[in-house]
Amino acid sequence: MESARRVSARLLLAACIIAPALSAADSVFADNAFTGRWDTQFEPVTFTQLKESEGAALMNSMKAGATAACPTEAEKREFYKGVGSRTSILIYACTNGNRIAGVLTNVSEGLTSAADFASDAIAEKAGAFNTTISIGGLNQRVSFTYADSPLLPTLVYAQPDAISFLSSVPRRGTALRQGDPNPAFSGVVRFKLYRTKAATMVVTLEDSAGVLRESAAVPAVLSDDVRDSGYLFELYGYQRTATYVSLRAELRSAAGVVLARSSTTYAVYPPRGVVIAPEAIALNKIFPFPGGFGYVGEAVSVTDFDNPIEGLTARAEQTGPGKDWLEIGDVFVYPDKHRAFVALRVRYSLLASGLYWNRVVLRWGAGERVVPVTLQYAVRRRNWVGTAPEALSFSAREGEGSNESVNVKVGLNWQLSPVAGWNAVQLPPSLVEMGPPVDLQTGTPLAPDQGFSVKLNPLYSMTAGSRSTVLRVTAPDAEAVAVPVSTRISPVNEELPPKVFPASLGFRQTRGADGQVVNAPAQLIRVDCSSRAPILVTARPVPYVGTNWLRVSPGDGDNAITACSSTQTGAIAVSIDPLAVPAQGSAAGQINLYSGSRIIAVRVDYSGFRITVSGNGGKPPAAGAKRAEDACVPSALRVSESELPGGFSVQARGFVPLAVKVSDDCGNPVGGASVAASFSNGDSSLQLQGDGQGNFTATWQPLIPFEKTTVTLQAAAEAMPAASLDIEGEIVPADDAIPSIDLNGILNALNPQPGAPLSPGMIVEIRGQNLAAKEAVAEEPWPTSLEGAQVEIGGVAAPIFAVSPTRIVTQIPSELQPGESYQLLLSFAENFAKPETLLLGAAEPGLAASADGRLTAQHGDGELVSAANPARPGEVLKLFATGLGATDPPVPAGRRAAAAAVRTRALPRISVDGAPAEVLSSCLSAEKPGIYEVLFRVPGGVRGGAAELRLEQNGAAGNAVRLMVAAGTSN
């Protein structure tokens, strides 16, 4: 039994990474660091620490000289008090670590006298300082002796402002080119020290694979004894391929202990070699009826930075009856010959619910790559709530507020038509407030059944930083949905660009019932600002082709001006001149909105008819007049982004909604397209999900700050050339308050294959960033919150076994039903990660094994099977697994099985070296939740050595492992 405990402990501990911890305390100084003895001519006085709230109140009541000598609230500081016993001596003092200042009051013999004082610079080591103060008109010598030990290096604190990069070259977010022979980094690092000069400054250049270069350690010399100083650094010689690199500045003690650190990130673009995105496709698809939409597209992008892409071909490796569900669509090579786009189509109409595998083989003149494709497909057995948009993002300047408001439509399944009985609530914190829907331009209330409106909550503390929450939207007899919401509150001195909606406009001319051409009506661009003072925004149309067929107002048609503030919404009206559109009957352009140094671009698409008028002075023709019309014939795809305008500014780790409309150049929606988004800052590519009506959505959580980022939207469909749209903007650094889950980062803890299915009751590992405060392992009873981390799956709080800042080990609630989808909500310190949808199977096994694939199994005496202690043919062994499915009786998540055996509803099948093994029992462990113990007999005649063992449960196979078997015959 003790061996089983060791196995279970290894399961939990192996899934966690211990995060490096700084040695600095939460306070600048160690508790009671200045406690000591004051010696006056009256008596010695013991000096003890006060709480800041109490100390600040006392010091503020003192004489002006003492108050002036104390640190400001912007400085880290400590307060102390000493009280005498015989002569009523009171000593109040404050310190920022480099000086002590205060006031001494003596009450004796009916005489009250007081004097303030300030010390000279305090030495680094424990000792004493002397000062002369005036008591009762007489100068008195007062000395203070520090506490017993020398001052600790923890007195340098690790706050965000301890170290800052004032400037660096390249500056934050600037792209570096891998081909540069020796890109140089140089700049100034500023830092603050308290009560010590025995520190060194080191600047390190590193990427995800480790340290590349490190500067020499130089003394951290203070420019004065009170404040801060600077250090000039230079680093050369970046060599490796990586998505991004970081500069990290560290203050280190003489013993090498890190006292404080700060970092800044640079994207490396483009890398050398071949980049395939995604490298593996893992699809979890659920449709409301068998067959889905028939064809639904996916896509793979290929980039070869070193060689032109010539003769690119793609094929599905597995073909034939029952395997033709994956088809290759268009193969498009961009004009630069270094980028390509391969469309894939999944024929859902051929599929029954289940798990499917295939591989796409890509070949071109200079390379070959294989992209594995995993598909778990199911038909929905219940309705689900849908919203548009799927995510919300708000921004404002500290103390300024914002008038920005977003309408959220609510519906069932793929349809966003009104649904009765829906409800929306906000999980804490209350960052935003919800209300009835309103017209975003006029503020006119809309019918409540059209959804609800969301805006920043003016009562919430608008201090600078990043926060996130979710809105839970429910409807009767339907699966709920969580809408992620992020807020970005910038410092007052930071320029925050206006927010505009929508990001694109589409105009389409049609014919009325009488055959007459009906001009498209004008459309509005909403402009919101975070500023108490009005900001002027100028709009100017920029047609891509032809004369200016775009018009804006209020203004002269070629220019328009509007004003916006935190209480006033601006609006620009955009219309078209049908007599000026290009002759081909379709056109594109954009509206540039200028605000200070910012330019925001709103794309405009037009499709319809070119109208030519003769002998009418350019006026519209009278009814019945003869026209020369060019009918619109579709010939190309169009991609229009409605949520993210050109010139966008978003914050890293925030939630950015991507909403795309795919149509042909005549304005007809294209529902069977595939749409992918890629990002030049190095974030993983996203596949957008379609509704069959030309609308495609995804939520992007940018992780890497990058000053100039390009979002590339690629669309492909049958019978038309592929199309793409580039949107340029910036990703500003965040304070890392919002947690994030890695792409395909929810994994079977014992079989961590990205994209592999999951099942109820399974132990899973969640990988990401900023998931918990520190590394910790829970004990029974297993909590649902650990180090600030919480996980909810399908509305059920999940037990947590272990956490670290990058990983969480938890259990999928066994109460959930296989064949259904559920949303996973992860929060840390009341900030939510982007919700993830899990499609659960009946059973998806994972076997406990060592890092090199050797099965963790026990002999009958409890000892582990090993090369030195191998299994023997005919011997009964015990292995450990997770994801073996439902049990009788069911056991709630987070609880151990009772002493009596809790068996799985079906026995798994096991083979060793290809030979079937007898399975004697399959039960839940009585030691740890979610762990199964399976007894099986090693088949006779198995060859000695490392024999391959495979386990299947309900047709799903676990990870391939090796069992160490001794040579011999069965017992």
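1. Gln-590 is found in strand 43, which runs over residues 586–595, where strands are DSSP runs (E, at least two residues) numbered from the N terminus. The model is a predicted one, in which local features need pLDDT of at least 70 and side-chain atom pairs count only at pLDDT 80 or more, whereas totals for chains, interfaces and linings use all residues. Residues are numbered from 1 along each chain as its sequence is written, and side-chain values use heavy atoms, with hydrogens and water left out.

2. The side chain of Gln-590 makes a polar contact of 2.9 Å with the side chain of Tyr-544 (a pair of N or O atoms within 3.5 Å; within protein, one must be able to donate a hydrogen and the other to accept it, and residues adjacent in sequence count only if both atoms are side-chain atoms). Leaving aside residues up to four places away in sequence, Gln-590 touches residues including Arg-540, Leu-550 and Val-604, contact meaning heavy atoms within 4.5 Å.

3. Strand 43 also holds Ser-595, which counts as buried because its relative accessibility is 8% (buried means under 20% relative accessible area, exposed over 50%, and partly exposed in between, with a 1.4 Å probe and protein chains only). With residues up to four places away in sequence again not counted, Ser-595 touches Glu-495, Pro-498, Ile-535, Leu-536 and Val-537.

4. Cys-529 and Cys-564 form a disulfide, with their sulfur atoms 1.7 Å apart, the rule being a pair of cysteine sulfur atoms within 2.5 Å. Cys-529 lies in the loop between strand 38 (523–528) and strand 39 (535–543), while Cys-564 belongs to strand 41 (residues 560–564), so the pair ties together parts that are 35 residues apart in sequence. Both Cys-529 and Cys-564 are buried, and the count by this rule comes to one disulfide.

5. In a regular strand the side chains alternate between the two faces of the sheet. In strand 48 (residues 648–651), Phe-648 and Val-650 point one way and Ser-649 and Gln-651 the other way, and all are buried. Strand 48 pairs with strand 55 (residues 720–732) in the parallel sense over four bridges, pairing being assigned if DSSP finds at least two bridges between two strands. Within strand 55, Gly-729 stands opposite Phe-648.

6. A further point for a new reader is Cys-923, which counts as buried because its relative accessibility is 12%.
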